[in-house]
Amino acid sequence: MDSKKHIFFGGLNELRAIAAFSVIMHHIELFKYRDKLASLFDSKYTAYFIEHLGKNGVHLFFVLSGFLITYLLLSEKKKNNRIDFKKFYLRRVFRIWPLYYVIILISLFLIPALVNSFQIFSITPSYYNRITDSSNYDLTAILLYALFLPNFALYAGKVIVGASQSWSVGVEEQFYIVWPIIVSFVTRKVIAVVFGAILIAFIMINLQFPNSLLGTLAAVIPFEFMAIGALGGYFFSEYSEAITQYTKSKSIYIAVLLLIGFLIAVPVFTLYIQNIILGFVFLLLILVSINQSNPITFRNKYFSYLGNISYGIYMYHPFVMFLLFPIFYKILAFYNNIFAFNIGIYIGIPALTVFISYISFTYIEKRFIKIKDSKFKTL
């Protein structure tokens, strides 16, 4: 961590990249399954893994956000005796909103226009049927997506192709609204208790009242994963030396990786409980990954860069799938070779997604990041 310039934890970008590509893999296989092509969903050996891989990637993002935002807020409060709400919210606005609204515009206007202009897009029924369903583009849907409530839109069945993945960005934004208020007004002595209480409350609501209004709300805004990360952020801010000492072990890192591999592939508990357990193991992975004293934690400059643009990778990949799947369907129909088809989509979709994300980051997002870092710095 470089404290001279700003707080930065090495190893987190690599985790962001892995989480983003996990979501892409899940969506590729889900797309194939919905269009009745051979998919990992079809095998009993891989069905559980691939069905939940996307959500696991998102949960890793949530735990990471809870950890990092909590640590930053506590550091700011400790340094300045207060949290500058205006700067905090504006930093989030300048980082999240520009790309979010680019995706909304692409999804509301460009994708339907392409479908109406080119017949090739009609050969992918899972996308085509959603795009031509006008109920997905009614005023309610547009308002929910425009007002950063895509998680509520998705719950209401409003699936806008190219934008539905933004449900998790909506959850993050709602988390950003609430969390600085909690950290600001709760004393450091009891804040861990508050985080724990939020976590337990969400778990109890999900287990005891899943079909109630409260249960629905808890499912739509799964703050329990942020709370898991927040506990880690608090304890790392208070006991960083002790945590660093324990997490420098190679054996700990290997054990965490093996446990994650097991839990994402093998159902042991009910799905919700397994997700909560995985959330805590993800937190352990974060704490080990940021430890510069651990010699075997994953560090890679290419994955670090991909993690740096992972917001774009996450947001653009459904648009890229929409563009490329019809082309690969044509190739499959012509050559009747499912192997070549899969090689093509698993190279073409990630490659084009990374390229578009690079262009977006370099020429759009960076402009707003510079404003964020120059005008609204808090630490």
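This is a predicted model: local features need pLDDT of at least 70, side-chain atom pairs count only at pLDDT 80 or more; totals for chains, interfaces and linings use all residues.
Okay, quick housekeeping. Residues are numbered from 1 along each chain as its sequence is written, and side-chain values use heavy atoms, with hydrogens and water left out. Local features need pLDDT of at least 70 and side-chain atom pairs count only at pLDDT 80 or more, while totals for chains, interfaces and linings use all residues.

So, the core. By that I mean buried Ala, Val, Leu, Ile, Met, Phe, Trp, Tyr and Cys residues joined through side-chain atoms within 4.5 Å. Buried is under 20% relative accessible area, exposed is over 50%, and partly exposed is in between, with a 1.4 Å probe and protein chains only. The largest one has 113 residues, and Phe 325 and Ile 349 are among those with the most contacts inside it. Helix 15, residues 310–335, supplies the largest share, 14 residues; helices here are DSSP runs of H or I, at least four residues, numbered from the N terminus.

Leaving aside neighbours within four places in sequence, Phe 325 is in contact (heavy atoms within 4.5 Å) with residues including Ile 28, Phe 341 and Ile 349.

Now Met 25, over in helix 1, residues 12–34. It counts as partly exposed because its relative accessible area is 28%.

Last, Ile 359, in helix 16: at 33% relative accessibility, it is partly exposed.

Definitions and conventions:
Helices (H or I, at least four residues) and strands (E, at least two) are DSSP runs, numbered from the N terminus.
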